[in-house]
Amino acid sequence: MTETELRELLVELGASLFARGYSVGSAGNISVRLPDGYLMTPTNSSLGRLQADRISKLDLDWRHIGGDKPSKEVFMHRAVLTARPEAGAVVHLHSTYATAIGCLAAPGETAPIPPLTPYFVMRVGRSLPVIRYYRPGDAAMEGDIHAAAKGASAMLLANHGPVVSGKSLVDAVYAAEELEESAKLALMLRGQPARPLTGTEVDDLLQTFG
Ligand SMILES: [Zn+2]
């Protein structure tokens, strides 16, 4: 896709996430890898009202070179995209159910959501590391995110929200949506005798679709 097409897709998907309540206010931010740098949603922007020509552009060294000033959480995106060369985009949300799981999970936990559905396993994978709480905007979390992203495509920031990557912008958005729905299921089923997928079933999915 061209940069222009990616900018338009970012506006469309941001509006869709916002309309469905995956982000509220100016929460949440999205980045996309380009051949000559990165696109990033601007600081204090609402995902519901992005403008294609005002989306921030950064060069390959993450310097701001165009559009509005990038989100203050740009370092999260840098941490994931430098750790995962195969990732083409990163979605960070404060979506309710995934954030709730991030409040219940112990920092250092690697599977706070059980593998309840094949779609969660296919989109998010086997592990979902929980990064300990940091104050929003604290760049000290970059190292933890970078280390976790080497072994996982998605993670939860404790008491904050999910950070999810994908091969493409659409893949990253779908994975963030799947993570939110799986978090909702996990909370609905908490304390009930739900049967998660077995290790063998998870292995089969990852071998077939991974
Ligand atoms: Zn955030």
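## Helix 1 and helix 6

Two residues are in contact when heavy atoms of theirs lie within 4.5 Å. In this predicted model, Leu6, Leu9, Leu10, Leu13 and Leu17 of helix 1 meet Leu169, Val170, Val173 and Glu177 of helix 6 in this sense. By class, the contact of helix 1 with helix 6 involves eight nonpolar residues, no polar residues and one charged residue.

Helix 1 covers residues 3-19 and helix 6 covers residues 169-188; their axes come within 11 Å and cross at roughly 10°. Helix 1 is therefore roughly parallel to helix 6, since angles under 35 degrees count as roughly parallel. The crossing of helix 1 with helix 6 is right-handed.

## Ser182 within helix 6

Helix 6 also contains Ser182. This residue has a relative accessibility of 4% and so counts as buried, the cut-off being under 20%. The side chain of Ser182 reaches the backbone oxygen of Glu178 at 2.8 Å.

Apart from neighbours within four places in sequence, Ser182 is in contact with Ile113, Thr117 and Phe120.

## Helix 2 and helix 5

A second pair of helices is formed by helix 2, residues 74-83, and helix 5, residues 141-149. The axes of helix 2 and helix 5 are 8 Å apart, and the two pack at an angle of about 30°. Helix 2 is therefore roughly parallel to helix 5, and the crossing of helix 2 with helix 5 is right-handed.

On the helix 2 side, the residues in contact are Phe75, Met76, Arg78, Ala79, Val80, Thr82 and Ala83. Their partners in helix 5 are Met141, Glu142, Ile145, His146 and Ala149. By class, this contact of helix 2 with helix 5 has eight nonpolar, two polar and two charged residues.

## Two loop residues with positive phi

Most residues other than glycine have a negative phi. Asn44, however, has a phi near 60°, a positive value. Asn44 is placed in the loop between strand 2 (37-40) and strand 3 (56-58). With a relative accessibility of 62%, Asn44 counts as exposed, because the cut-off for exposed is over 50%.

Trp62 has a positive phi as well, near 65°. The place of Trp62 is in the loop between strand 3 and strand 4 (64-66). Trp62 has a relative accessible area of 12% and is therefore buried, whereas Asn44 is exposed.

Note on methods: Residues are numbered from 1 along each chain as its sequence is written. This is a predicted model: local features need pLDDT of at least 70, side-chain atom pairs count only at pLDDT 80 or more; totals for chains, interfaces and linings use all residues. Side-chain values use heavy atoms; hydrogens and water are left out. Axes are lines fitted to C-alpha atoms, for helices over the stretch in contact, and angles run from 0 to 180 degrees between N-to-C directions. Helices (H or I, at least four residues) and strands (E, at least two) are DSSP runs, numbered from the N terminus. Angles under 35 degrees count as roughly parallel, over 145 as roughly antiparallel, 65 to 115 as roughly perpendicular and the rest as oblique. A crossing is left-handed if the near helix is turned anticlockwise from the far one by less than a right angle, and right-handed if clockwise. Ala, Val, Leu, Ile, Met, Phe, Trp, Tyr, Cys and Pro count as nonpolar, Asp, Glu, Lys and Arg as charged, and the others, Gly among them, as polar. Buried means under 20% relative accessible area, exposed over 50%, partly exposed in between (1.4 Å probe, protein chains only). A polar contact is a pair of N or O atoms within 3.5 Å; within protein, one must be able to donate a hydrogen and the other to accept it, and residues adjacent in sequence count only if both atoms are side-chain atoms.
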